[in-house]
Amino acid sequence: MIHLHLSPYTVTDLDFSSCGLGPIGIKRVCDFLKSNNQSITTMYMCHNRIGAGEGVKEVADMMKVNNTVSKLIIQSCQINAVDCYHLSKGLAQNTGLLSFCTLE
């Protein structure tokens, strides 16, 4: 994934399930959602390598500043206990999240 272009206010759900995203792809998605998100309310990131490397930290940092995403689904993403700690820190600062689901 080199570029993510979305028309403002037209896309509300992003489904990146089983896309083979690793830390670099996760960083790009999260960078976009940190600065440009005005309409994405649901994000599916199942079956990717979020827990590999810095991926989960990117998601946590994004959730610290993005209060538009209200539903985050992360399943089967190689997340360990340390990753859960980082993610919980990011989610604790978020005021817009209504639903969070993760299963390993």
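This report walks through the helix packing, the salt bridges and one loop histidine of a predicted model.

**Helix H2 and its neighbours**

Let's start with H2, which spans residues 55–65. Its buried residues are Gly 55, Val 56, Glu 58, Val 59, Ala 60, Met 62 and Met 63. That buried set packs against quite a list of elements: helix H1 (23–35), strand E2, strand E3 (71–75) and helix H3 (81–92).

The pairing with H3 is worth a look of its own. The axes of H2 and H3 come within 7 Å and cross at roughly 10°. Angles under 35 degrees count as roughly parallel, so H2 and H3 are roughly parallel to each other. On the H2 side, the residues that meet H3 are Val 56, Lys 57, Val 59, Ala 60, Met 63 and Lys 64. Their counterparts in H3 are Asp 83, His 86, Leu 87, Lys 89, Gly 90 and Leu 91. Sorted by type, the residues of this H2–H3 contact come out as six nonpolar, two polar and four charged.

**The nonpolar core**

The largest nonpolar core has 24 residues, and the members that touch the most others are Leu 33, Met 43, Ile 50, Val 59 and Ile 74. H1, H2, E3 and H3 each put in at least two residues. As background, nonpolar side chains in soluble globular proteins tend to be buried together.

**Salt bridges**

Searching the whole structure gives five salt bridges.

| Pair | N to O distance |
|---|---|
| Asp 31 and Lys 34 | 3.8 Å |
| Lys 34 and Glu 58 | 4.0 Å |
| Lys 64 and Asp 61 | 3.4 Å |

How exposed are the partners? Asp 31 is partly exposed at 31% relative accessible area, and Lys 34 is partly exposed too, at 34%. The Lys 34–Glu 58 pair is the cross-helix case: Lys 34 lies in H1 and Glu 58 in H2, so the bridge ties together parts that are 24 residues apart in sequence. Glu 58 itself is buried, with a relative accessible area of 13%. Over in the other pair, Lys 64 is partly exposed at 31%, and Asp 61 is partly exposed at 33%. Through shared partners, salt bridges link Lys 27, Asp 31, Lys 34 and Glu 58 into one network.

**His 47 in its loop**

Last stop: His 47, in the loop between strand E2 (42–44) and helix H2. His 47 is partly exposed, at 47% relative accessible area. Leaving aside residues up to four places away in sequence, His 47 touches Ser 18, Gln 75, Ser 76 and Cys 77. His 47 and Leu 21 are 26 residues apart in sequence, yet their C-alpha atoms are 8.6 Å apart.

Terms used: Residues are numbered from 1 along each chain as its sequence is written. This is a predicted model: local features need pLDDT of at least 70, side-chain atom pairs count only at pLDDT 80 or more; totals for chains, interfaces and linings use all residues. Side-chain values use heavy atoms; hydrogens and water are left out. Helices (H or I, at least four residues) and strands (E, at least two) are DSSP runs, numbered from the N terminus. Buried means under 20% relative accessible area, exposed over 50%, partly exposed in between (1.4 Å probe, protein chains only). Contact means heavy atoms within 4.5 Å. A salt bridge is a side-chain nitrogen of Lys or Arg within 4 Å of a carboxyl oxygen of Asp or Glu. A nonpolar core is a set of buried Ala, Val, Leu, Ile, Met, Phe, Trp, Tyr and Cys residues joined through side-chain atoms within 4.5 Å. Axes are lines fitted to C-alpha atoms, for helices over the stretch in contact, and angles run from 0 to 180 degrees between N-to-C directions. Angles under 35 degrees count as roughly parallel, over 145 as roughly antiparallel, 65 to 115 as roughly perpendicular and the rest as oblique. Ala, Val, Leu, Ile, Met, Phe, Trp, Tyr, Cys and Pro count as nonpolar, Asp, Glu, Lys and Arg as charged, and the others, Gly among them, as polar.
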